[in-house]
Amino acid sequence: MKIPKISLFLFLIPSLALMLIFGVYPIIYNVFLSLKDVNLISYIRGTAQYIGFSNYREILGDPLFWKALSNTAIFTVISIVLQMVLGFLLALLFNREFPLKGLLQALVMIPWVMPIMVSGSFFRWFLSDNGFLNNFLLALNWIKEPVRWITTEKMAIYSLTAVNVWLGIPFNFILLYTGMQQIPEELYESSEIDGATGWQKVVYITLPMLKPVVIATFILGCILTFKVFDLVWIVTKGGPGGASHLLSTFSYSLAFDRFQFGKSAAVLVLMQIIVVLFIGFSNRMKWEER
Amino acid sequence: MKKRAGWKWSALVAVVVALIVSPLYFIAIGGFMSTEEIFYKPPYLFPPEPTLQYYREAFFTLLPYIKNSFILSFGTLLLTLIVALPASFVVTKFEFSMKSSLSFLFAFVQMIPYTAVIIPLFLMFTKMKLINSHFGAVLALSVFLVPFAIIILRSYMASIPSGLIEAALIDGAGYFKIFTNIFLPLSAPGIASVSILVFLLAWGNFIVPLAFIKEESMRPISIGLYVFIGQYGVEWNKLMAGSMIYTIPPLIVALLAGRAIVAGLTAGAFKE
């Protein structure tokens with residue numbers, strides 16, 4: 001159907017205006033900020049000067065940036081792999097009819113539904129030096145002294161990654177489970193006639209048939225995980241000593257703790273470049289799929 | 001026919017699910033205990049001397065924050081629907097030349113990380129006097145929820161027969177009238193599903209109020225819970241009681257409308 005230009009324009013203008021002014025413009029604005037010497041005072045007075053690429057040079061010379069970059073990579077890759085594996089196993093459990101299925105499925109969504117401030121605070125307690133996990137393991141005599149899950153430079157990022165795996169289970173589960181529902185039942189039936197065992201069915205039918213869904217879930221998961229901010233900010237604030245910063249929390253603390261908006265914007269531009277490269281790469285992956 | 005399994009299977013799944021949702025249980029009982037009991041070794045699995053005192057104190061301390069959370073969530077829901085519905089109408093039902101670039105724009109904005117716009121938006125809002133304003137926070141929240149809503153709405157609206165709209169056009173109805181009188185009522189299930197998701201996401205959002213609302217009396221409960229995380233240590237029992245109070249509205253929504261959440265999420269994920 002066709003619609004006159006003027007009506008079309010009227011229907012679209014609210015969403016276009018909102019997204020261009022508060023979504024696209026800020027992204028472009030970031031690029032300019034990253035080339036300027038912006039702090040709060042120079043911004044308000046309008047005296048910020050263009051200083052070329054020196055924000056980028058300083059960022060790339062900052063060990064904290066490289067730490068945050070490698071943390072982001074660790075966090076994203078481990079999260080995605082484990083979330084998808086656990087989500088898939090959970091979907092297999094649900095892939096049949098049984099009593100109370102609806103209720104149990106609704107309960108699985110709880111980690112997704114809980115506000116991040118709530119789950120973040122919980123894990124801050126759960127993983128603290130004298131928190132639940134340590135007290136529990138000590139009582140079982142599995143450890144001799146408390147493990148410093150989130151207070152040592154080495155462990156913090158891995159503990160955060162584990163928490164993020166838990167957070168991501170519902171989302172991965174629901175996408176993979178929905179995908180499994182689309183697989184025609186006859187495939188399983190005929191394989192049974194041929195004498196296939198349970199695991200053979202999973203390996204030779206479920207997984208290959210699920211491949212497009214797995215790829216879509218993977219791409220989406222990478223993009224969503226790459227931008228995680230809240231969890232780390234709430235549980236460790238990037239500490240101890242910046243050891244658990246992700247790129248997102250690193251840039252936020254540059255801006256709001258140190259008021260170095262220019263440098264913060266430089267980190268954001270670099271993040272944006274990574275996302276664009278990734279989307280380009282994932283489109284090719286989808287393309288080859290066809 | 002799908003394979004059937006009995007209660008034994010339910011029990012197995014229930015154990016796994018209990019493990020996944022156990023944090024909520026420990027938050028709930030933490031609110032009934034003193035801080036010493038919360039850190040007791042070995043940890044309590046039931047509150048030894050349950051008291052309602054901390055829930056009561058947390059509730060009255062948090063009341064103004066809860067009010068702000070409702071203002072922000074419903075404000076965001078309202079703005080998102082007002083903006084997203086007309087757009088999804090034309091995008092779903094009509095052909096026009098820039099349509100694919102428009103879809104790209106929606107997908108692009110949805111993928112922008114919040115953190116990437118929070119700093120430029122903070123500077124823009126400082127100049128526009130939108131810091132410490134609920135309207136500013138609602139704007140910032142809606143930017144990302146609008147493309148999300150449009151993408152989900154499209155998948156629901158695709159099934160509305162175009163013939164109805166064509167017939168109304170022949171009868172001389174205007175586009176706006178068709179939108180309000182034919183299209184919106186038929187989109188009710190999609191609107192319901194999107195409203196639930198948008199409400200949940202706005203209710204749980206942390207970074208927008210963290211960055212844009214510095215005035216204590218304007219803050220929603222996501223940031224308000226920090227009142228229990230003071231300079232002199234954390235009041236864990238009240239923090240847990242408050243966390244539980246904060247979780248109750250989304251929990252009710254999830255248990256009542258789980259199906260709508262699932263349908264909306266999968267529709268949003270597999271589009272484009």
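What is the mean pLDDT of chain B, and what percentage of its residues reach 70 or more? I looked this up before anything else, since the model is predicted. The mean is 90, and 98% of the residues of chain B reach 70 or more. I also noted the scores for the model: ipTM is 0.92 and pTM is 0.91.

**Entry: chain A**

I went through the secondary structure. Chain A has 14 helices and zero strands. Read along the sequence, I get α-α-α-α-α-α-α-α-α-α-α-α-α-α. I then took the extent along the principal axes: the C-alpha atoms fill a box of roughly 75 × 70 × 35 Å. Chain A has 290 residues, and 41% of them count as buried. I checked the contacts with a separation of 6 or more; residues 24 or more positions apart account for 68% of them in chain A.

**Entry: chain B**

I repeated the steps here. I find 13 helices and two strands in chain B. The C-alpha trace spans about 75 × 60 × 30 Å along its principal axes. Of 272 residues in chain B, 47% count as buried. For contacts between residues at least 6 apart in sequence, 80% in chain B join residues at least 24 apart.

**Entry: the core**

I turned to the largest nonpolar core and read off 157 residues. Which residues have the most contacts inside it? They are A:Val267, B:Ala84, B:Ala140, B:Val146, B:Ala149 and B:Ile150. H6(B) gives the largest share of this core, 17 residues. I followed up on A:Val267, leaving aside its neighbours within four places in sequence. A:Val267 is in contact with A:Ile59, A:Phe65, A:Leu247, A:Phe250, A:Ser251 and A:Leu254.

**Entry: cis peptide bonds**

I noted a cis peptide bond in chain A, joining A:Gly239 and A:Pro240, with omega about -5 degrees. Where is A:Pro240 found? I place A:Pro240 in the loop between helix H12 (230–235) and helix H13 (247–256) of chain A.

In chain B, the bond from B:Lys41 to B:Pro42 is cis, and omega is near -5 degrees. B:Pro42 lies in the loop between helix H2 (35–38) and helix H3 (53–93) of chain B.

**Entry: positive phi**

I looked at A:Phe259 next. A:Phe259 is not a glycine, yet its phi is positive, about 55 degrees. The residue sits in the loop between H13 and helix H14 (261–289) of chain A. Is A:Phe259 buried, exposed or partly exposed, and why? I counted 14 other C-beta atoms within 10 Å, so A:Phe259 is partly exposed; buried would take 20 or more, and exposed 12 or fewer.

B:Lys129 in chain B is not a glycine either, and its phi is positive at about 60 degrees. I find B:Lys129 in the loop between helix H5 (114–128) and helix H6 (134–157) of chain B. Why does B:Lys129 count as exposed? B:Lys129 counts as exposed because it has 9 C-beta neighbours inside 10 Å, and the limit for exposed is 12 or fewer.

Definitions and conventions. Residues are numbered from 1 along each chain as its sequence is written. Chains are lettered from A and ligands numbered from 1 in the order in which they are written. This is a predicted model: local features need pLDDT of at least 70, side-chain atom pairs count only at pLDDT 80 or more; totals for chains, interfaces and linings use all residues. Helices (H or I, at least four residues) and strands (E, at least two) are DSSP runs, numbered from the N terminus. Two residues are in contact if their C-beta atoms, placed from the backbone, lie within 7 Å. A nonpolar core is a set of buried Ala, Val, Leu, Ile, Met, Phe, Trp, Tyr and Cys residues joined through C-beta atoms within 7 Å. pLDDT is the predictor's confidence in each residue, from 0 to 100.
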